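Dear colleague,

Please find below the structure that I am handing over to you.

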Amino acid sequence: MDKKISVKVCLGTTCFVMGSANLQELIDIVPAKYGNKVEVSGVPCLGLCSIDWEFSKAPYVKVDDDVIKEATVEKVLTAIDNKLKES
Amino acid sequence: MAINTPKQTSHLKREILVRLIRSFLSDNFEEKTRMIPFDMRPKGSEVPYRCCIYKERAILRDRTVAGLGFSIEETDDSTLLSELANKALDRKEPEEHPLTVLTTACKGCVPSRIYVTDLCQGCVARPCVNTCKFGAISIQNGKSVIDPEKCKNCGMCVQVCPYQAITKIIVPCESACPVGAIAKGEDGHAKIDFEKCISCGKCVAACPFGAVHEKSQIIDVLKAIKSGKKVIAMLAPAIMGQLPCTPKQLHEAVLKLGFSDVYEVAQGADVTTKNEAAEFVERLEHGAEFMTTSCCAGYNELIAKHLPEIKPFVSDTKTPLYYTAEIVKKEHPDAITVFFSPCVAKRREALQNPNVDYVLNYEEVGAWFIALNIQVDTCGESSFKTEASAEGRNFAQTGGVAKAVQALLPEEIPAHPVLIDGLNKQSIRDLKKYAKNGVCDIGNLIEVMACQGGCLGGNATVNNYKAATKQLNNYVKESKPIKDMETEKIGH
Ligand code: SF4
Ligand code: SF4
Ligand code: FES
C-alpha cells in the first residue's frame, strides 16, 4: 500500500493567533475528502516561527516535508491535490 | 456573515502589534517603531494588496498609529511614528473613544448605491421605470440608467427586475452597524458618529479593508509593567476558549508576561448571578412582567443612547467586570488593573470605570505571547486563587447568563428565558416593542448579547467560534455548579 500523505497543522501559539485557529476545520475536512489517503493532525509549534521575524509568515502547515507559509484551507487542499497527482 | 471568518486584515493588525511590542522591548523603541512600515515592506518587496509600495507603507504606518493608541483621523500625516512612540510613553490616560478609522484604507470601497448591471435586457415591461417613485430611472440606449441625483436608495427597482439585473451595492460597515452610527461621507471615507456609536465592534469585524481599528493600550500596559508596579490581569470568561492551552497554563503564561497576579472575571460573574437572581425574584413579586440582563457593555450603551424606554426593565445589577475590578482594587489598592477583553464595548466600559486602568483585547494578548516567543501549551500549570463557578465561566456564551440566573432561582419563581443572540436592527425593534408594551410575549427573562454567539463571537477574539465553544464547554464541565457554592463566599 502507498504511503499516506501527512498533513501537520501547526497549533502552536504563534500560528494559532496568526490564523491556524481557522485551519482547525481541516482536521474534519481532510478525512472527509480524501479518506485514508491522507493523515491530518494538529501539532504543537513546528519550530518555524521563532527564527528571526518568521512569525509574520505564520500560520504554517506541513504537507509531508513541504512547508506552507501563511497557510489557508485552500492552499493546503491544493498542496494535497498536487501531491496526490504526483504519486 | 459567519462568526469569526478568517481575515487577512487580522493577520496584518496582529503582525503590527507584535512588531510594536518588540520595538518597545528593544533598546530603541522610537526608531524601531518608525521602521515598522519599512521592515514590513522593504525595498523591492512584493506589493500584496495596494497599488504601490508607498501606499502599502502609508497604510501600515496608519495602522501603527492605532497600535500606539492614537486616533488616525486626528494625527497629522507628517507626524513621524517615532514622535508618536514618544508621545505614547508620556500619555497618562488612554483616549476617550476606543475606535478610529483608517481613511487611506477606506477609499477603496464605493458608497452605497443602486447599480444596474450588464444583465439588464432593456425589457419592454420596464417594471423598474414604473416602480421608481422618484422618477430616477430612464432608459437610455435600450438599457436602464439610474440618475444618482434623484435615487433615494430605496431598492424598489432591485426587487421588481425580472432578471435580477439591478443590485444594491452595500457598504459593509454601514450595513453591519445596528444603530446607523457609521457612514461613508462625501469625502469617500467612513466616519463614526460617537454620539450614536454603542461600541459594539461590528464595523471592526465587517470591514473588508480592516479600516476600523481599536486604539490599542498595549504600550501603556507594557510601560506599567516595566516601571515595576504591581500590575494585575483580569481575564474575561471568553478567553478560556481562545488559546491552545488549558486555563491553568494560561494563568501561568499571563504571569510570564510580567503580571503579578491573575483573576478570572468569572469570579465577578458569580456576584452578578447572585444579585441578578435576587433582583429577578423581587421584580416579579412586585408585578413586573419581565427583566432584561445587564452584563453586556454594548447593550448597556444601546440603552443609554437609543433605548431609554427599556431602562425600567433592565436589571440594576452591575457587570462581572465591575465586581471583579472592585474586588481586585480592594485586595490590592496599589495595583494597576488590566482587563483582557473580547470586544470594543468592554473597552469602552472600562474607560468609564475608575477601577479598571487598562484594557487589552485577545488579539493584543496573543501578539504579546508571539513577541516573547511564549508557547502557551508548554507553560506549567498554576491555579486561580479564587475558583469561579461553572455558570460564571459560562457567561461567555449566548444563553450562559440566563442559565446562571436560573440556577439560583427558587422553584416557585421560574424564569422563561428569551435570548437576544446579537444586536441588529430586528432585535432592537423587538426590544423596543417589549419596552413599549411593558410585556414580552415569549418570556420573562431577556438575556441580551450584542454579539452573535455571545462574547465568544466578540470582534477581538482569535479562535474559531466552534472550536472556542468546545474548549469553553470543557472548562465549564470541570467546574463547580454555583448552587454548591456557599452564597456568602461568592466573589470572595
Ligand atoms: S466597509 Fe466602511 S470602513 Fe471599511 S472600507 Fe468600506 S466604508 Fe471604509
Ligand atoms: S462600533 Fe458598532 S455602533 Fe459603533 S459604529 Fe461600529 S458598528 Fe456602529
Ligand atoms: S507556532 Fe507554528 S511554527 Fe511555531
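I begin with A:Asp64, which is in contact with A:Lys4, A:Ile5, A:Ser6 and A:Lys83 once neighbours within four places in sequence are left aside. Please bear in mind throughout that this is a predicted model.

**A group of charged residues in chain A**

A:Asp64 sits in the loop between strand 3 and strand 4 of chain A. Its relative accessibility is 22%, and it therefore counts as partly exposed. Although A:Asp64 and A:Lys8 are 56 residues apart in sequence, their C-alpha atoms are 8.0 Å apart in space.

Is A:Lys83 buried or exposed? With a relative accessible area of 17%, A:Lys83 is buried, because the limit for that class is under 20%. Leaving aside neighbours within four places in sequence, A:Lys83 is in contact with A:Ile5, A:Val63, A:Asp64 and A:Asp66.

A:Asp66 lies in strand 4 of chain A, residues 66-68, and is partly exposed at a relative accessible area of 41%. Not counting residues up to four places away in sequence, A:Asp66 touches A:Val61 and A:Lys83. A:Asp66 and A:Ala79 are 13 residues apart in sequence, with 8.9 Å from C-alpha to C-alpha.

**How the two chains meet**

How many residues of each chain are in contact with the other? The contact involves 22 residues of chain A and 27 residues of chain B. The size of an interface is often given as the accessible area lost when the parts come together. Here, chain A and chain B bury about 2000 Å² between them, and 58% of this is on carbon and sulfur atoms. On the chain A side, A:Thr13, A:Val17 and A:Asn22 lose the most area to chain B, together 32% of what that side buries.

**Domains and cores**

Chain B is divided into domain 1 (8-106 + 179-215), domain 2 (113-169) and domain 3 (227-489). The C-alpha centres of domain 2 and domain 3 of chain B lie 48 Å apart.

The largest nonpolar core has 129 residues, and those touching the most other members are B:Leu68, B:Leu235, B:Phe259, B:Phe340, B:Trp368, B:Phe369 and B:Leu431. Domain 1 and domain 3 of chain B both give residues to this core, so it lies between them. Apart from it lies another core, of 20 residues, including A:Val9, A:Phe16, A:Val38 and A:Leu77.

Leaving aside neighbours within four places in sequence, B:Phe259 is in contact with B:Val221, B:Ile225, B:Val231, B:Ile232, B:Ala233, B:Val254, B:Val338, B:Phe340 and B:Trp368.

Two of these partners, B:Val221 and B:Ile225, are also among the buried residues of helix 11 of chain B. This helix covers residues 218-226 and is mostly covered, with 7 of its 9 residues buried. Just after helix 11 of chain B, B:Gly228 takes a positive phi of about 85 degrees.

**Surroundings of the ligands**

Ligand 1 is surrounded by residues that include B:Cys106, B:Cys109, B:Cys173, B:Lys184 and B:Cys207. The shell around ligand 1 divides into 11 nonpolar, no polar and 1 charged.

Around ligand 2 there are 13 residues, of which the closest are B:Cys177, B:Cys197, B:Cys200, B:Gly201 and B:Cys203. That shell divides into 10 nonpolar, 2 polar and 1 charged.

**Backbone details to look up**

Most residues other than glycine have a negative phi, and most peptide bonds are trans. The following places depart from that pattern.

- B:Asn141 has a positive phi near 50 degrees. B:Asn141 is in the loop between strand 3 (137-140) and strand 4 (143-146) of chain B, and it counts as exposed at 83% relative accessibility.
- B:Asn373 has a positive phi of about 55 degrees. B:Asn373 is in the loop between helix 17 (362-371) and helix 18 (390-393) of chain B, and it is partly exposed, with a relative accessible area of 39%.
- A:Ala58 and A:Pro59 are joined by a cis peptide bond, with omega about 0 degrees. A:Pro59 is in the loop between strand 2 (38-43) and strand 3 (61-63) of chain A.

Yours sincerely

Note on methods
Residues numbered from 1 in each chain as written. Chains lettered and ligands numbered in written order. Predicted model: local features only at pLDDT ≥ 70, side-chain atom pairs only at ≥ 80, totals over all residues. Heavy atoms only, no water. Near = heavy atom within 4 Å. Nonpolar A, V, L, I, M, F, W, Y, C, P; charged D, E, K, R; others polar. Core = buried A, V, L, I, M, F, W, Y, C linked by side-chain atoms within 4.5 Å. Buried < 20%, exposed > 50% of the residue type's maximum accessible area, 1.4 Å probe, protein only. Domains from an automatic or database assignment. Contact = heavy atoms within 4.5 Å. Buried area = accessible area lost by both parts, 1.4 Å probe. Helix = DSSP H or I, 4+ residues; strand = E, 2+ residues; numbered from the N terminus.
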